[in-house]
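The sequence and the structure come first.

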Amino acid sequence: METSKTNSGEILILFAHPYPQQSRVNRPLLRAVQDIPRVKIVDLYEQYPDFHINIQLEQQRLLSASLIVFHHPFYWYSAPAILKQWQDCVLEERFALSEGGFALRGKRLMSVVTVGHSKASYQLDGYDRFPIGHFLRPYEQMAIHCGMQYLAPFVVYSAHRISDAEIENRACHYRQHLLDYLSEAEHE
Amino acid sequence: MNDHDLLANTLIYLGAAVVAVPFAKRLGLGSVLGYLIAGIAIGPWGLALIANSHDILHFAEFGVVLLLFLIGLELNPKRLWSMRRPIFGIGSIQVIATSLIIFAICSLLGLSWNNALIIAMGLSLSSTAIALQSLKERNQLSTPTGQSVFSILLFQDIAVIPMLTLIPILGSNMGESSEPLLEALKVIAVIGAIIIGGHFLIRPIFRFIAATRLREIFTAFSLLLVIGIALLMDAVGMSMALGTFLAGVLLAESEYRHELEIEIEPFKGLLLGLFFISIGMTIDFGLLLDKPWLIIALVLGLLLVKLAVLIAIARAEKLPTSQQGLFACLLGQGGEFAFVLFTAAVAANALEQQWASLLFVVVALSMMATPLLLLLNERFIEPRFLHLGSPQPADTIEDPDNPVIIAGFGRFGRTVGRLLHANRVATTILDHNPDQIEDARRFGYRVYYGDASRLDMLHSAGAESARLLIITVDDPEKVLAIADLAQQHFPQLTILARARGMATAMAFLKRGIPLFRREIQESALLLGEDALKQLGYGAFQAKQMAHIFRDHEEALLQKMYQTDALEKRIHISRMARKELAQILEADEQEQQNLRDRSWRER
């Protein structure tokens with residue numbers, strides 16, 4: 001596997017939640033990772049409330065990261081709209097694809113999602129009829145198309161129902177997950 | 001008057017008006033004084049260009065009639081009904097109190113009681129034309145002060161009718177004996193005819209005429225309607241002014257209201273101008289030269305009595321202190337009805353001609369004094385109440401613990417305030433314009449009178465404990481002054497401010513205040529966006545273009561502010577030109593960038 005040439009071990013979290021003040025799960029998750037050195041959090045709705053995304057700035061941020069995290073709640077089996085807008089604007093062909101581009105090659109992409117239903121529901125015979133990975137395939141293929149490696153997603157199920165203690169527990173896992181990545185990246 | 005005279009006279013009137021009025025306005029004297037001066041200039045005591053000024057005055061009185069018709073059009077019956085209290089309340093107090101005082105003075109001076117009564121009644125009336133024209137010029141018609149002025153004028157118009165009916169009785173030769181019941185029936189019949197006609201006849205006629213698409217016929221019909229109503233009213237013994245006013249009110253609900261307004265407006269303006277010119281012409285300077293001290297004493301006495309009564313009414317009505325002077329000055333003069341009344345009294349042998357001539361001069365001079373009084377009031381009296389050591393003390397603020405203070409509650413501050421209110425944010429609102437406060441309070445906002453650029457005011461508004469100070473007063477100097485004060489004394493406050501333009505914006509950047517908005521920028525950009533959409537841009541693309549432009553402006557502002565710090569003496573116009581060039585250049589570059597981004601074209 002080809003590793004990114006520069007800045008290995010920087011994590012860029014693209015956080016997409018239109019009403020984070022009202023979120024039960026996402027805020028504790030974010031709080032658990034925000035003080036990790038070399039983790040940069042970009043709150044997309046906070047930065048671009050009118051969807052006018054600064055393309056140059058976002059591309060710069062991508063270049064200095066080795067792991068890109070799409071962190072968002074699951075809205076209609078996908079991300080809130082601004083993440084799609086970010087994809088459409090920032091991942092220009094001349095940046096991410098054609099010659100002179102492929103700026104993302106060798107980097108890694110990971111989804112961090114919170115969903116309302118249980119893990120049992122996200123099964124072929126469950127209420128949601130497909131496992132979570134199925135719904136994340138567009139991101140997986142986007143990563144592959146850009147020459148990136150797609151990591152297994154970090155999912156918090158039953159986000160409406162789990163206890164505060166359980167949320168804390170998942171937040172610790174999230175933090176550990178990122179810390180593990182960082183130490184691994186250093187050894188690479 | 002032959003045709004040639006008519007044209008020549010028209011030339012003289014228009015010429016005098018065109019010369020005098022703009023000058024008077026430029027000098028801050030107001031248009032009414034301009035017309036009066038024009039009248040004096042062309043009248044028998046000036047250049048003596050016009051001979052029969054009294055005929056003209058009579059003709060021009062119709063300007064007052066048109067004025068009242070237009071005012072009626074703007075008031076529908078419902079609003080008029082809601083004003084019945086002030087009309088009969090302060091209106092009757094003004095007329096009766098003024099009449100009584102003047103009557104007493106005249107009696108003391110040894111006049112017969114019927115002469116004294118006629119003079120008292122005539123002089124108690126004010127000039128509708130001057131007061132309303134001045135109110136309109138100041139945009140004050142709908143303020144509480146304007147409404148009070150209007151109520152009194154309306155009552156005076158109503159009061160003229162009994163006064164005119166009283167004159168023959170006071171005279172030595174009784175007029176034809178009228179039967180009051182029959183008269184009343186006639187009036188009711190005419191008003192009924194106007195209501196029914198206005199409802200059923202006027203609409204089809206207007207529609208029929210509008211269908212011909214001949215604009216001048218439409219104008220002709222509008223004038224015909226008003227003149228017809230005026231004469232009809234006159235025929236049944238109502239004052240033309242009051243009659244057409246009522247007709248206007250009755251037509252206020254009609255769908256052709258606006259057309260009528262537009263058609264009548266220019267005639268009203270010209271005739272009213274002519275009216276003031278003729279007042280100027282009728283001033284008998286001979287009499288003035290003959291007995292200057294007597295006349296000056298009478299004019300001053302008249303003004304004094306009327307102003308005193310009006311000030312007392314303004315106090316009792318609790319009009320804003322700064323506006324009481326305006327209120328009194330607007331109504332302090334003798335009015336055009338005095339001419340009508342005294343002329344009628346002479347005709348009925350109730351008043352001697354020499355008294356009438358004297359009173360004409362006094363009334364005309366008091367009318368001329370009005371613009372001067374207003375000027376004095378605005379220059380010297382009003383500002384004292386508005387700013388320096390205002391006798392209206394700043395309000396005590398009841399809830400100083402609100403997290404947000406809004407300074408300035410005009411059009412800008414009101415929108416900010418409403419958004420916050422809608423989100424249940426408690427705000428303490430400061431403003432120092434009494435009218436704005438009145439308005440806002442009527443809509444349930446808690447607005448306190450006070451000058452936010454004063455430290456003690458900010459203190460009592462709770463600036464120590466508030467989180468935000470939103471400065472939305474419209475004077476940019478004042479915005480900056482308030483910001484400076486707040487930064488110096490309340491460092492914990494986050495300042496949000498309205499910026500007039502680039503210059504104010506840069507002043508904020510220099511002070512380290514990032515949260516400001518240029519007041520017209522957003523709406524201008526949105527309108528530009530609308531324009532792009534009309535030209536075929538997609539809504540989203542148009543919005544993006546506006547975003548790009550906004551970003552440019554933002555960057556430019558930052559750049560200019562930094563340049564400015566280095567070379568302070570760059571001439572402003574050069575800056576502006578440079579700014580424009582930069583924007584255009586940058587835009588072109590941005591368009592190029594957009595074209596380069598191939599995926600957008602896919």
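What percentage of the 602 residues in chain B do buried residues make up? The figure is 39%. The model is a predicted one, and chain B contains 26 helices and 6 strands.

**Chain B overall**
- Of the contacts in chain B with a separation of 6 or more, 72% are between residues 24 or more positions apart.

**Helix α6(B)**
- Helix α6 of chain B runs over residues 113–124, 12 residues in total.
- From first C-alpha to last, α6(B) reaches 16 Å, close to the 16 Å expected at 1.5 Å a residue.
- The helix is mostly covered, with 9 of its 12 residues buried.
- The buried residues of α6(B) are B:Ala116, B:Leu117, B:Ile118, B:Ile119, B:Ala120, B:Met121, B:Gly122, B:Leu123 and B:Ser124.

**α5(B) against α6(B)**
- Helix α5 of chain B (residues 84–108) packs with α6(B) at an angle of about 140°, the axes being 8 Å apart.
- That angle makes α5(B) oblique to α6(B).
- The crossing of α5(B) past α6(B) is right-handed.
- On the α5(B) side the contact involves B:Val95, B:Thr98, B:Ser99, B:Ile102, B:Phe103, B:Cys106 and B:Ser107.
- On the α6(B) side the contact involves B:Trp113, B:Ala116, B:Leu117, B:Ile119, B:Ala120, B:Met121, B:Leu123 and B:Ser124.
- By class, the residues of this contact between α5(B) and α6(B) are 11 nonpolar, 4 polar and no charged.

**α8(B) against α15(B)**
- Helix α8 (residues 144–170) and helix α15 (residues 321–331), both of chain B, pack at about 25° with axes 10 Å apart.
- The two helices α8(B) and α15(B) are therefore roughly parallel to each other.
- Here too the crossing, α8(B) past α15(B), is right-handed.
- From α8(B), B:Thr145, B:Ser148, B:Val149 and B:Ile152 take part, meeting B:Gln323, B:Leu326, B:Phe327, B:Leu330 and B:Leu331 of α15(B).
- The contact of α8(B) with α15(B) has 6 nonpolar and 3 polar residues, and no charged ones.

**B:Gly301**
- B:Gly301 is part of helix α14 of chain B, which covers residues 292–317.
- With 15 other C-beta atoms within 10 Å, B:Gly301 is partly exposed.
- B:Gly301 and B:Ile105 are 196 residues apart in sequence, while their C-alpha atoms are 10.0 Å apart in space.

Definitions and conventions. Residues numbered from 1 in each chain as written. Chains lettered and ligands numbered in written order. Predicted model: local features only at pLDDT ≥ 70, side-chain atom pairs only at ≥ 80, totals over all residues. Helix = DSSP H or I, 4+ residues; strand = E, 2+ residues; numbered from the N terminus. Expected span 1.5 Å × (residues − 1). Buried ≥ 20, exposed ≤ 12 C-beta atoms within 10 Å, placed from the backbone. Contact = placed C-beta atoms within 7 Å. Axes fitted to C-alpha atoms, helices over the stretch in contact; angles between N-to-C directions. Parallel < 35°, antiparallel > 145°, perpendicular 65-115°, else oblique. Left-handed = near helix turned anticlockwise from the far one by under 90°. Nonpolar A, V, L, I, M, F, W, Y, C, P; charged D, E, K, R; others polar.
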